[in-house]
Amino acid sequence: MLKGIPDCISPELLKVLHEMGHGDRLVIGDANFPAASCAGVHPLIRCDGVDATTMLDAILQLFPLDEVEHPVLIMDKQPCHAQLETPVWDQFKAIVAKHDPRGASACGMIERFAFYEEARRAYAVVATTEKSFYSCLILQKGCL
């Protein structure tokens with residue numbers, strides 16, 4: 001046990017967060033995200049029973065975001081889902097604003113298949129059991 005570490009941060013995830021360097025990327029995937037195939041040879045950390053918003057909030061308590069324009073990328077909807085509501089996006093932006101002085105402007109959107117390509121190059125993938133549609137993110141690590 002350690003003080004100040006959120007309960008959903010496993011020892012494996014804590015190790016990965018600690019070994020990541022400036023500019024490395026971390027994926028938080030929802031229950032529908034192809035986490036294992038996108039992770040490939042990179043670490044895949046399963047966080048069953050944890051939703052994406054809880055995981056994002058826990059990670060951002062420990063993880064500085066990069067100074068790039070959008071260090072948080074949210075998977076955007078495909079045109080065929082244009083009418084689908086995605087209230088989780090507002091939750092993501094509120095969580096980012098709680099931890100980063102840039103607020104919601106630190107978040108950008110990325111097309112679904114471009115997201116998959118970026119995810120394949122990420123340092124690690126965190127698989128949650130989030131059931132909201134389009135609730136996947138990529139975080140880019142900054143400096144302390």
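**View 1. Buried residues in the predicted protein chain.** Of the 144 residues in the protein chain, 47% are buried, a term that here means under 20% relative accessible area, found with a 1.4 Å probe and counting protein chains only. The model is predicted, so local features need pLDDT of at least 70 and side-chain atom pairs count only at pLDDT 80 or more, while totals for chains, interfaces and linings use all residues. Residues are numbered from 1 along each chain as its sequence is written, and side-chain values use heavy atoms, with hydrogens and water left out.

**View 2. The largest nonpolar core.** This core has 49 residues, and Phe33, Met55, Leu56, Ile59, Phe63, Phe115 and Leu139 are those with the most contacts inside it. Helix 3, which spans residues 52–60, gives the most to this core, with six residues. A nonpolar core is a set of buried Ala, Val, Leu, Ile, Met, Phe, Trp, Tyr and Cys residues joined through side-chain atoms within 4.5 Å.

**View 3. The surroundings of Phe63.** When residues up to four places away in sequence are not counted, Phe63 touches Leu17, Met20, Leu26, Leu139, Gln140 and Lys141, where contact means heavy atoms within 4.5 Å.

**View 4. The helices and strands.** The protein chain has five helices and six strands, and from the N terminus on its elements run α-β-α-β-α-β-α-β-α-β-β. Helices (H or I, at least four residues) and strands (E, at least two) are DSSP runs, numbered from the N terminus. Among contacts between residues at least 6 apart in sequence, 87% join residues at least 24 apart.

Definitions and conventions: Buried < 20%, exposed > 50% of the residue type's maximum accessible area, 1.4 Å probe, protein only.
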